[in-house]
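Please keep the structure open while I talk.

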There are 2 protein chains.
Amino acid sequence: MSDPVKYLLDEQHLPRFWYNINADLPEPMFPPLNPVTRQPLSADELEVIFPRGVIEQEMSTEREIEIPGPVRDVLRQWRPSPLYRARRLEQALDTPAKIFYKYEGVSPTGSHKANSAVAQAFYNKIEGVKRLTTETGAGQWGSSLSLAGSMFGLEVLVYMVKVSFNQKPYRRAFMEAFGARCIASPSDTTECGRKILADTPDNTGSLGMAISEAVELAAQNDDTKYALGSVLNHVLLHQTVIGLEAQKQLEMADAEPDMVIGCTGGGSNFAGIAFPFIGDHLRGGRKVQCIAVEPSACPSLTKGKFAYDYGDTAQISPICKMHTLGASFVPPGFHAGGLRYHGMAPLVSHLTELGHIDPRSYNQLECFAAGLQFAKAESILPAPESNHAVRAAIHEAEKCRESGESKTILFNLSGHGNFDMQAYTDYIGGKLKDLDYAESEVAMALAGLPSVD
Amino acid sequence: MSDPVKYLLDEQHLPRFWYNINADLPEPMFPPLNPVTRQPLSADELEVIFPRGVIEQEMSTEREIEIPGPVRDVLRQWRPSPLYRARRLEQALDTPAKIFYKYEGVSPTGSHKANSAVAQAFYNKIEGVKRLTTETGAGQWGSSLSLAGSMFGLEVLVYMVKVSFNQKPYRRAFMEAFGARCIASPSDTTECGRKILADTPDNTGSLGMAISEAVELAAQNDDTKYALGSVLNHVLLHQTVIGLEAQKQLEMADAEPDMVIGCTGGGSNFAGIAFPFIGDHLRGGRKVQCIAVEPSACPSLTKGKFAYDYGDTAQISPICKMHTLGASFVPPGFHAGGLRYHGMAPLVSHLTELGHIDPRSYNQLECFAAGLQFAKAESILPAPESNHAVRAAIHEAEKCRESGESKTILFNLSGHGNFDMQAYTDYIGGKLKDLDYAESEVAMALAGLPSVD
């Protein structure tokens, strides 16, 4: 056999600390604001929907935050995840580039989302919370929180966007297999759901509505809290195990990356792999180019405005300063549900503004083509979201072929596509086309930004 | 953290040899017969549909057969697969038993099937074969051969039982994603397919018909060979990496199994984990109880007859001595497609007759219940086939709770259930019931056994 294709770490090498990039920011973050008062949010205000352990992490500027034993005890089931050298892909591309990928599809729910779900379930459990509510679109996050709830003995209630609920019965079955309850949103179980249904009985729902339902339930019940799968600081923090492990594994491979690539919807898997590298640079280490790849049809980082905006359409979540297309913007129906968010994680936005992240976008057809090229070489069929990172990695490797440079590329393969076969069916059947957002719709959505002094 | 839950081996520890139990049999196998002449088959006769490399393995009595470098180069992408200690399940069961499971769901197609697909594709490739044909029911094998063909640049043509083709479009999409062609069987692409369609235009197909179509095409084209996913000696041989790795990993865990458990349809995953242990015993080592678990609705090992029978309904494949319910027997529609075969691998049958394998059966509801119990503890949702092994392992662990014995149980988790969510949807929705075969149907099928002197 030739040189290794995968670099494994055993469970003893699971990181003991998450890396908090908030400790190393050259300029402080803009604080999140109360959506009503437009004043910086206090920890007490957040406690209505989040446990104190999570809120502390959301606001912390400690560089290293210890990963609790019970969290590591669950994560070690699939972590450290493997780092692969994509030797077959390199050959297929005839490139002098070295391509590495970190594979998060080994988690039981098939994506990186479980990393934060387990941590959030733990912090809720130890504070006596009985039930977690959340929303899910494509189903990755809902599945992960269902799994995590099952591990810690918490009830989980998932509001699934009605159109997905009907189109993806298997995702619902997966959540129910782990004991969660899954409700099509808008529903008659909440006040805001009933209001929506009264106005529009046939409403097929949106992530914004599902968030409103989940948050309402958490706010109204003492034993119930809410969990979010991306965007917020603590979620990004929980994902840094990806990059921390990758750094150790690249050492095993005797490699130093020139660039780190991840797809970005809310920003959590990208932050997970990139922040440890950006942090090293912020503390005086070498610079690694960090490329955030988003869909052309929902280009918050490349085309959005850096401004305070609502996180949800119902305008009940904190107002955050981030790259946004406007909270009321509804992206066209491209096949990467996890990247269909109007905004971007404030931390990713902030670091992009400071020049530490290079955003770019690709349209969906070239991403699916890249995913299939990857699958035929590396044997793993990526999730449609992850295809965006694959596309960028192949693009960069092709540039190396032109230039003759032997760059080292690391990308995050955030999940597998086994639950996304409808998207591949449509792509292979020639039924997909490239989609673009309407500039007028973004302009209209941006006109609705909250005014903040 | 407490003691380890998983035992990893890096790719350098991928076995270099397959273990061939044919070398250690106390009594020789009954030879396969030509279905027409009823005389022992020659290698030349098999060469019409198989490459010479595969035929040599089918007939070999060498104990160790080297795994070619290019095969190891593909297998190492996901092998060695992890061995897990099911600590959470042990706690949930409150048992003094130690439960280990080998997890084959880490392969890109989600089951052990890829182990043999890669080897078979390689042997065909080096003998100049351009195209492989095969049949698939549930889709696991077709997916695996599609993947393997893609790795070695072979065309793959999969005849998929028409009812599954229509019910499981995602499996088809998965095969097509890897460049394979998938045809609903019976089809108009073969003589036997056309004949069936002429007689019964609405025929929804069967595994037997799909085999006939795949074999016909291979027999009629010089550049085309046929590949089978279970039953035959060489397929079982290729699966022994499972047990060989498990033996090394149990050593790492300082454990010696008292019993080894696998589900049995055609017998390949069970043989893969059990044969290295049975072989050790046959060569004078300690005896490990090997439990083959089959569905009550298709109980070839526990209720079938040990006799020469056809492998397919069209009676064109070799006649083998095996435990069989009769080649014309059609099992009821329970949800474990990979276990719906009328016969059993001749090697597994032979060793059962010799007292080295303990067969048992469970009905489907208790298997699904066991699968969900396992998932909630261990975070992995098993394939419906694998649930049979899970059921037996839990049963044995419960017996230890009663007796106070601390036995060490090893079972093979042959695949994950991510592609089987319809089955879980039906189970959770209360739509499944236990099924039993009709004794009169088996009696009728057994009456059709070929007469062999």
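The lining of the largest cavity, sorted by class, has 23 nonpolar, 17 polar and two charged residues, where Ala, Val, Leu, Ile, Met, Phe, Trp, Tyr, Cys and Pro count as nonpolar, Asp, Glu, Lys and Arg as charged, and the others, Gly among them, as polar. This is a predicted model, in which local features need pLDDT of at least 70 and side-chain atom pairs count only at pLDDT 80 or more, while totals for chains, interfaces and linings use all residues. Residues are numbered from 1 along each chain as its sequence is written, and chains are lettered from A in the order in which they are written, with side-chain values using heavy atoms and leaving out hydrogens and water.

A cavity here is a set of points, on a 1 Å grid over the protein atoms alone, where a 1.4 Å probe fits but cannot get out, and lining residues have an atom within 4 Å of a point. Grid points are joined across faces, edges and corners, and a volume is the space filled by probe spheres set on the points.

By this rule there are eight cavities of 30 Å³ or more. The largest has a volume of about 660 Å³, and of its 42 lining residues, Tyr103(A), Gly105(A), Val106(A), Tyr103(B) and Val106(B) lie nearest its centre. The second largest cavity comes to about 50 Å³, and its lining divides into seven nonpolar residues, no polar ones and one charged; among the residues that line it are Phe50(A), Glu58(A) and Cys320(A).

The peptide bond from Arg79(A) to Pro80(A) is cis, with omega near -15°, and Pro80(A) sits in the loop between helix 3 (69-75) and strand 4 (83-85) of chain A, helices (H or I, at least four residues) and strands (E, at least two) being DSSP runs numbered from the N terminus. A cis peptide bond also joins Ser185(A) and Pro186(A), with omega about 5°, and Pro186(A) belongs to the loop between strand 8 (181-185) and helix 9 (191-199) of chain A. Arg38(A), although not a glycine, has a positive phi of about 60°, and is found in the loop between strand 2 (17-19) and helix 1 (43-46) of chain A.

Conventions: On a 1 Å grid over the protein atoms alone, a cavity is a set of points where a 1.4 Å probe fits but cannot get out, and a pocket is an open set with protein on both sides within 12 Å along at least five of seven lines; lining residues have an atom within 4 Å of a point.
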